[in-house]
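Here is a short report on one protein model. Look through the sequence and the structure first, then read on.

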Amino acid sequence: MSFTLNVNGTTHAVDVDGDTPLLWVLRDVIGLTGTKFGCGIAMCGACTVHLDGMAVRACVTPVETVGAAAVTTIEAIGATDEGARVQKAWLDEEVVQCGYCQSGQIMSAAALLAVNPSPTDADIDAVMAGNICRCGTYPRIRAAIKQAATELAGGEGR
């Protein structure tokens with residue numbers, strides 16, 4: 001079956017079964033490999049992308065449910081104010097260790113800041129609880145999100 005997807009502002013026609021997870025369409029059909037496979041059951045967040053700005057788990061999102069929604073992946077999140085600030089903060093705070101989960105972490109953080117530009121520690125913990133980091137970089141993730149929020153608010157951040 002053929003589907004037309006708007007991914008990172010580009011239209012892609014893909015011919016896959018409707019129940020094919022969006023993750024595999026992004027990685028194997030379109031060739032955007034920044035979105036990672038983690039658990040395959042939406043528990044780890046490594047596959048997080050945005051559908052019309054909302055964070056979703058691509059591993060459990062059938063491509064037939066995407067419709068006309070705009071898909072944003074880690075490859076394009078830096079084009080948004082929130083994404084650019086989060087990526088800068090990630091570098092400033094040296095968040096990454098192994099890096100495998102980080103694309104999903106950044107996507108969740110950018111979605112958080114888009115709807116809540118001044119998150120509390122509790123807000124950050126609640127939203128980011130669905131993203132697992134085996135390296136345990138959670139304190140640096142929280143610091144990076146706070147820095148990005150400060151910079152988005154016009155402050156200097158770090």
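Asn8 is partly exposed, with a relative accessible area of 25%. The cut-offs are these: buried means under 20% relative accessible area, exposed means over 50%, and partly exposed lies in between (1.4 Å probe, protein chains only). Asn8 sits in the loop between E1 and E2. Helices (H or I, at least four residues) and strands (E, at least two) are DSSP runs, numbered from the N terminus.

This is a predicted model, where local features need pLDDT of at least 70, side-chain atom pairs count only at pLDDT 80 or more, and totals for chains, interfaces and linings use all residues. Residues are numbered from 1 along each chain as its sequence is written, and side-chain values use heavy atoms, with hydrogens and water left out.

## Around Asn8 and Thr73

Asn8 touches Leu32, Val71, Thr72, Thr73, Glu75 and Ala76, not counting residues up to four places away in sequence. Contact here means heavy atoms within 4.5 Å. Asn8 and Ile74 are 66 residues apart along the chain, and their C-alpha atoms are separated by 9.2 Å.

Thr73 belongs to the loop between E5 and helix H2 (81-92). Is Thr73 buried or exposed? Thr73 is buried, with a relative accessible area of 0%. Leaving out residues up to four places away in sequence, Thr73 touches Val7, Asn8, Leu26, Leu32, Thr35, Val49 and Met107.

## The whole protein

The protein has 5 helices and 5 strands. From the N terminus on, they run β-β-α-β-β-β-α-α-α-α. The radius of gyration is 15 Å, close to the 15 Å that the globule rule gives for 158 residues, so the protein is as compact as a globular protein of that length. That radius is taken over C-alpha atoms, and the globule rule is 2.2 Å times the number of residues to the power 0.38.

Along its principal axes the C-alpha trace spans about 50 × 30 × 25 Å. Of the 158 residues, 43% count as buried. Take the contacts between residues at least 6 apart in sequence: 56% of them join residues at least 24 apart.

The accessible surface comes to about 7,600 Å², and 53% of it belongs to carbon and sulfur atoms. Accessible areas come from the Shrake-Rupley method with a 1.4 Å probe; for residues, only the protein chains shown count as cover.

The protein has 10 positive and 17 negative charges, and their mean positions are 9 Å apart. Lys and Arg count as positive, Asp and Glu as negative; His and the chain ends are not counted. Each charge is placed at NZ of Lys, CZ of Arg, CG of Asp or CD of Glu.

## Two cores

A nonpolar core is a set of buried Ala, Val, Leu, Ile, Met, Phe, Trp, Tyr and Cys residues joined through side-chain atoms within 4.5 Å. The largest has 21 residues, and Leu5, Leu22 and Ile30 have the most contacts inside it. Strand E1 (2-7), helix H1 (22-30) and strand E3 (48-51) are the elements that give two or more residues to this core. H1 gives the most, with 5 residues. Apart from this core lies another, of 19 residues, among them Val86, Leu113, Ala144 and Ile145.

Which residues of H1 are buried? They are Leu22, Leu23, Val25, Leu26 and Ile30. These buried residues pack against E1, strand E2 (10-15), E3 and strand E5 (70-72). Ile30 touches Leu5, Val7, His12, Val14 and Val25, not counting residues up to four places away in sequence. Just after H1, Gly31 takes a positive phi of about 90 degrees.

Most residues other than glycine have a negative phi, and most peptide bonds are trans.

Gln147 is found in helix H5 (residues 138-152). At 4% relative accessibility, Gln147 counts as buried. Gln147 and Asp92 are 55 residues apart in sequence, and 9.0 Å apart in space, C-alpha to C-alpha.
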